[in-house]
Amino acid sequence: MPLPVGGLATALVLSLAAALLRVGGGPRVPLLDLSTTHGSAAYKVCRNAARLGALRLRGHSIDVDAALDASRRFFELPLSVKLEINASDKRPGFVRGYIPLGGEAGVADVLELKEGFSYGYDWPNETPPTNGLTGPNRWPSHAVLGGSDWRETMLAVHTNCSEIAKVMCRCLN
């Protein structure tokens with residue numbers, strides 16, 4: 001079975017991150033423990049992170065293993081199944097759904113070697129987009145993913161990432 005591009009990209013990012021954390025002599029990547037760091041301490045960590053452009057987080061509520069498993073299960077699906085929720089079908093609103101290999105390059109002579117799945121706040125399907133950043137998500141059917149809780153896992157990741165973003169915005173404000 002070929003290695004899914006999404007899985008390869010994840011592996012490369014994780015390897016790069018691990019290497020960055022091991023580099024001696026360079027700046028240490030700041031660590032923000034969201035379960036214990038508050039107020040001025042969080043502000044200081046975030047300011048240091050802003051100078052370096054990176055930050056490590058712990059003490060968050062993201063189930064990383066569940067998120068990686070959900071990603072793996074989606075990208076292992078046959079291309080024909082993923083294309084049923086193709087994000088490039090010119091629907092109104094923000095791009096949501098499957099982004100095929102090379103589907104997001106934006107320049108005709110550049111091929112981005114990645115595939116993706118784009119989703120966001122879970123707007124009801126009957127709510128028309130009010131601006132370019134809103135619109136309903138496009139989900140694979142439960143049957144395709146073995147009746148799994150895939151959608152719920154992905155929505156939990158989105159909700160938890162949104163909460164982390166609020167904390168980070170308060171830190172950097």
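## Around Asn86

Contact here means heavy atoms within 4.5 Å. In this predicted model, Asn86 touches Arg96, Tyr98, Pro100 and Arg138 once residues up to four places away in sequence are left out. Asn86 itself sits in the loop between helix 4 (79-82) and strand 3 (97-99).

Is Asn86 buried or exposed? The cut-off for buried is under 20% relative accessible area, and Asn86 comes in at 18% relative accessibility, so the residue counts as buried.

## The nonpolar cores

Now for the cores. The largest nonpolar core is made up of 16 residues, and Phe74, Phe117, Tyr119, Trp139, Trp150 and Met154 are the ones with the most contacts inside it.

Trp139 is worth a look of its own. Setting aside neighbours within four places in sequence, Trp139 is in contact with Ile85, Phe117, Tyr119, Asp122, Trp150, Arg151, Met154 and Leu155.

The largest cavity is lined by Pro140, Ser141, His142, Leu145, Ser148, Trp150 and Arg151. Sorted by class, that lining has three nonpolar, three polar and one charged residues. Two of these names come up again elsewhere: Trp150 and Arg151 are both in contact with Trp139.

Notes
Residues are numbered from 1 along each chain as its sequence is written. This is a predicted model: local features need pLDDT of at least 70, side-chain atom pairs count only at pLDDT 80 or more; totals for chains, interfaces and linings use all residues. Side-chain values use heavy atoms; hydrogens and water are left out. A nonpolar core is a set of buried Ala, Val, Leu, Ile, Met, Phe, Trp, Tyr and Cys residues joined through side-chain atoms within 4.5 Å. Buried means under 20% relative accessible area, exposed over 50%, partly exposed in between (1.4 Å probe, protein chains only). On a 1 Å grid over the protein atoms alone, a cavity is a set of points where a 1.4 Å probe fits but cannot get out, and a pocket is an open set with protein on both sides within 12 Å along at least five of seven lines; lining residues have an atom within 4 Å of a point. Ala, Val, Leu, Ile, Met, Phe, Trp, Tyr, Cys and Pro count as nonpolar, Asp, Glu, Lys and Arg as charged, and the others, Gly among them, as polar. Helices (H or I, at least four residues) and strands (E, at least two) are DSSP runs, numbered from the N terminus.
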